[in-house]
Amino acid sequence: MAERRCQGVGAAPGIAIGRVFRYTAMAAVPDPELIKEEAVEPEVARLRAAIEIARARMMSARVAAARSGGDEADIFDAHLLMLDDPALIGESERRIREDHLPAANAVAAAAAGVRQLFDQIEDAYLRERAADVTEVATQVMRALRGDTPPSAARTLPPDTVIVAEELFASDVALLDTGRVVALVTVRGSRTSHVAIMARAVGLPVVSGVADIVALAQDGEVVTVDGERGEVVLSPDPRTLETVQEQLAAERQAQARRTQLRDVPAVTDDGTRVALLANIGAPGEVEAALNQGAEGIGLFRTEFLFLERDELPGEIEQFRTYQEIAKGMGERPVVIRTLDVGGDKPVPGVSVADEMNPFLGVRGLRLSLRHPEIFRTQLRAILRAATEGDIWVMFPMVTTIEDVRAARVVLGSLVAELRAKGIPHRADIPVGIMIEVPAAAMNADRLIEEVDFFSIGTNDLAQYVLAVDRTNELLASNYSPLDVSMLRLIERTVSAAVAVGKPVAVCGELAGDPEAIPLLIGLGLRELSMAATSIPRAKEIIRGLRARDEAQKARARIA
Amino acid sequence: MAETQFIVTNPAGLHARPAALFVRTAAGFQSSIRVRNLSRDVGREADAKSILSVMTLGIEQGHEISIKAEGPDEAAAVDALHALIDAGFNESDAVSTR
């Protein structure tokens with residue numbers, strides 16, 4: 001076979017070389033042949049059995065997705081509800097009984113009817129949920145035909161590249177990533193559930209490759225570049241060699257970073273930098289340690305409060321914080337108190353309609369207005385801090401009065417715990433996020449009130465530049481390395497360094513290869529980032545000279 | 001029969017995840033519960049226990065909706081669903097990552 005190059009959209013990065021396995025289940029529903037009256041009830045029973053098979057598959061997909069973390073498990077909750085839905089399943093049964101359609105055609109017709117209703121919705125996001133209906137209906141039709149999901153293909157050899165019209169989230173959740181090395185599909189996008197889940201497990205995906213199922217042959221050698229969206233069928237020896245080199249380089253880089261895990265981040269001229277991880281749940285502690293994190297620089301506690309009907313109690317919070325502290329051993333764990341507001345509501349915490357939630361009751365402002373929530377969380381933190389090395393940090397601090405108000409609450413709780421004889425850590429280090437420009441300007445005064453700073457560069461940039469970073473129209477205006485930002489960071493760092501107190505960056509800049517040299521140059525010696533960014537950051541830092549970077553940084557802000 | 005009408009303030013309306021929560025809550029009641037989107041298609045009534053019917057009402061922020069329940073626990077059902085929507089459905093995708 002001659003080499004054929006196909007271009008699609010890179011949906012999940014990574015390079016792979018493997019052999020094609022075409023997954024062609026449910027290519028099309030055959031034209032219906034009407035069933036006889038006596039066959040109607042058996043056909044309904046067949047539909048119900050198929051629904052149960054689909055349900056079992058979705059439930060295992062849900063479990064697999066929940067294990068790998070993230071929000072994708074919720075998708076399957078909605079899908080499972082659809083399996084009981086009168087509009088889809090009731091309608092399918094009606095079409096078997098009244099129109100004498102075979103089960104697969106009945107499901108296809110019912111799904112088409114529901115999709116028509118979705119098509120009339122004005123809201124684009126809701127309209128696109130029609131894809132969920134297609135997925136659920138397809139799962140039922142697969143079960144009806146006795147098709148197994150691609151994960152169940154027992155014959156899948158190692159280094160398989162699955163080529164399909166379309167794959168679903170449940171398919172990816174159940175894939176054996178030891179055997180499947182890449183996915184190529186005709187339909188799908190970067191933002192599909194499939195792409196998000198594949199990125200989480202490091203599986204390259206190229207979507208939007210027209211006619212790939214017809215073009216590819218089973219067992220044919222194929223190379224996949226999930227970054228550039230390139231797929232090459234039966235590559236020429238020269239092409240194959242190039243891709244093999246790229247793959248080897250990628251693996252080597254990965255291995256080099258793994259080796260780096262246990263070596264410290266020290267610049268070429270001997271400056272030590274501590275690299276910590278930002279996490280959002282206790283389950284991420286292990287990954288943080290595997291990447292070489294020297295502590296947790298930011299534990300976002302929001303997950304305890306969201307996606308549930310009631311507020312988390314003290315015991316539940318205490319256990320969560322203690323679990324993280326235990327997992328990290330002697331290493332520091334910075335727990336940030338609840339950081340929500342009008343833009344991200346929590347049940348039971350009503351915030352009045354705000355014209356401008358980012359300038360509204362958020363973070364510490366909200367905690368101070370809801371003393372019951374704040375006190376419960378601080379009590380849990382104080383008690384958990386008898387284990388490991390827990391620090392507490394307040395978000396969205398603007399003034400010295402904010403800090404003092406928070407400290408009053410903390411002090412009263414320490415007194416209360418002491419009076420009751422409940423074990424706690426009275427001298428817990430107390431710090432604040434520097435993410436409001438006013439706080440950065442007053443850093444020299446604020447540092448007198450606290451034990452440490454952590455600079456939240458995402459919000460700080462948003463406030464300093466007056467740019468909503470989620471506004472696509474302003475994407476080019478969002479420049480977190482603008483001189484204004486560098487000056488505020490420098491000001492904050494100097495204030496803390498002058499009195500010998502720790503200062504870190506825990507925003508996205510901390511893990512940004514372009515920003516790291518600058519941050520080191522500005523005097524930062526602690527960076528907290530997504531765990532997966534740590535090895536790369538270490539590599540960069542080990543290639544720097546702190547003195548040179550300081551000179552460059554000084555020139556930038558002069 | 002119990003009925004309430006109000007305006008949805010949840011920024012994301014009633015998309016897949018909130019709809020799932022809404023439908024699961026509705027399913028916990030014996031009463032028959034019907035939902036209408038008064039801002040879009042007054043005539044169409046959806047079964048509150050059917051996620052697809054609820055989703056295809058196309059409920060967005062600012063829409064006025066009506067919830068009507070009939071049965072032994074009708075008042076509690078209407079109250080619970082109203083409170084759920086008011087609470088904003090614990091939107092996790094609105095959490096800022098810092």
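Q: In which sense do β10(A) and strand β17 (residues 526-530) of chain A pair, parallel or antiparallel?
A: This is a predicted model, where local features need pLDDT of at least 70, side-chain atom pairs count only at pLDDT 80 or more, and totals for chains, interfaces and linings use all residues. Residues are numbered from 1 along each chain as its sequence is written, while chains are lettered from A and ligands numbered from 1 in the order in which they are written. Strands are DSSP runs of E with at least two residues, helices are runs of H or I with at least four, and both are numbered from the N terminus; two strands pair if DSSP finds at least two bridges between them. L276(A) stands opposite S528(A) in β17(A), and the five bridges between β10(A) and β17(A) make the pairing parallel.

Q: Which residue is the bridge partner of V266(A) in β10(A)?
A: Strand β9 (residues 265-266) of chain A runs antiparallel to β10(A), joined by two bridges. In their hairpin, five residues lie between the strands, and G270(A) has a positive phi near 90°. Across from V266(A), the partner in β10(A) is R272(A).

Q: How many residues of strand β10 (residues 272-279) of chain A are buried?
A: A residue is buried if 20 or more other C-beta atoms, placed from the backbone, lie within 10 Å of its own. β10(A) also runs parallel to strand β11 (residues 296-300) of chain A, with three bridges. The rest of the structure largely encloses β10(A), because the buried residues number six of the eight.

Key
A residue is buried if 20 or more other C-beta atoms lie within 10 Å of its own, exposed if 12 or fewer, and partly exposed in between; C-beta atoms are placed from the backbone.
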